[in-house]
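I opened the model today to look up its helix, its charged pairs and its nonpolar core. My entries follow in the order I made them.

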Amino acid sequence: MLPSTCSKVSLRQRPIKNDRLSLYLDYYPAIRHPRTMKMSRREYLGFYIFANPRNKYQREYNDSILMRAEIIRCRRQEAVINNEFGFLDREQPKADFLLYFEEKAKKHYDK
């Protein structure tokens, strides 16, 4: 059996100000970002939870956000596996070449 080179996706937390935590996905080994084509290890989700929930509502909020973040992590792991083994990924939208070309041309002429 061949050794697995598939990236592992982990859900991680980073402390930020106001006693909150920022959630992000950590890829190991790094994967190529689809837009910039640079190797990237982190994907910030834009979700924030309370570091020390003080009441029932904050705990419920943390639980619901963590559940959503875990669902996103599972989908990203599935996308990595599909990409690694050549399966069709129905979740990943098809890239629009014209939009990509327009962005590149705009960057080129703005310089």
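**Entry 1: a residue in a strand.** Strands here are DSSP runs of E, at least two residues, numbered from the N terminus. By that rule I place Ser22 in strand S2. I keep in mind that this is a predicted model. Is Ser22 buried or exposed? I find Ser22 buried, at a relative accessible area of 7%. The cut-off for buried is under 20%, so Ser22 qualifies. Next I listed its contacts, leaving aside neighbours within four places in sequence. Ser22 touches Arg12, Gln13, Arg14 and Ile16, and also Tyr44, Phe47 and Tyr48.

**Entry 2: salt bridges.** How many salt bridges does the structure hold? I get five. I looked at some of them in detail.

I started with Asp26 and Arg12, whose side chains meet in a salt bridge at 3.1 Å, N to O. Asp26 sits in strand S2 and Arg12 in strand S1, so this pair ties together parts that are 14 residues apart in sequence. Asp26 is buried, with a relative accessible area of 7%. Arg12 is partly exposed, at 37%.

Asp26 also has a salt bridge with Arg41, at 3.2 Å from N to O. This pair links distant parts of the chain, with Asp26 in strand S2 and Arg41 in strand S3, 15 residues apart. Arg41 counts as partly exposed, at 34% relative accessibility. Which residues are linked in a network of salt bridges? I note Arg12, Asp26 and Arg41.

Then I checked Arg54 and Asp19, whose side chains meet in a salt bridge at 3.8 Å, N to O. Again the pair links distant parts of the chain: Arg54 is in the loop between S3 and H1, Asp19 in the loop between S1 and S2, 35 residues apart. Arg54 is exposed, with a relative accessible area of 66%. Asp19 is partly exposed, at 33%.

**Entry 3: the helix.** Helix H1 covers residues 56–85, 30 residues in total. From first C-alpha to last, H1 reaches 44 Å, close to the 44 Å expected at 1.5 Å a residue.

I then checked both ends. Just after H1, Gly86 takes a positive phi of about 80°.

Which residues of H1 are buried? My list is Gln58, Asn62, Ile65, Ala69, Arg73, Gln77, Val80 and Asn82. An α-helix has 3.6 residues a turn, so residues three or four places apart point the same way. What covers the buried residues of H1? The cover includes strand S1 (8–16), strand S2 (20–32) and strand S3 (39–50).

**Entry 4: the core.** I looked up the largest nonpolar core and found eleven residues. They are Cys6, Val9, Leu21, Leu23, Leu25, Tyr27, Leu45, Ile49, Ile65, Ala69 and Val80. S2, S3 and H1 are the elements that give two or more residues to this core. Which element gives the largest share? I find S2, with four residues.

Last, I checked Cys6, a member of that core. Leaving aside neighbours within four places in sequence, Cys6 is in contact with Tyr28, Pro29, Gln77, Val80, Ile81 and Glu84.

Key
Residues are numbered from 1 along each chain as its sequence is written. This is a predicted model: local features need pLDDT of at least 70, side-chain atom pairs count only at pLDDT 80 or more; totals for chains, interfaces and linings use all residues. Side-chain values use heavy atoms; hydrogens and water are left out. The expected span of a helix is 1.5 Å times one less than its number of residues. Buried means under 20% relative accessible area, exposed over 50%, partly exposed in between (1.4 Å probe, protein chains only). Contact means heavy atoms within 4.5 Å. A salt bridge is a side-chain nitrogen of Lys or Arg within 4 Å of a carboxyl oxygen of Asp or Glu. A nonpolar core is a set of buried Ala, Val, Leu, Ile, Met, Phe, Trp, Tyr and Cys residues joined through side-chain atoms within 4.5 Å.
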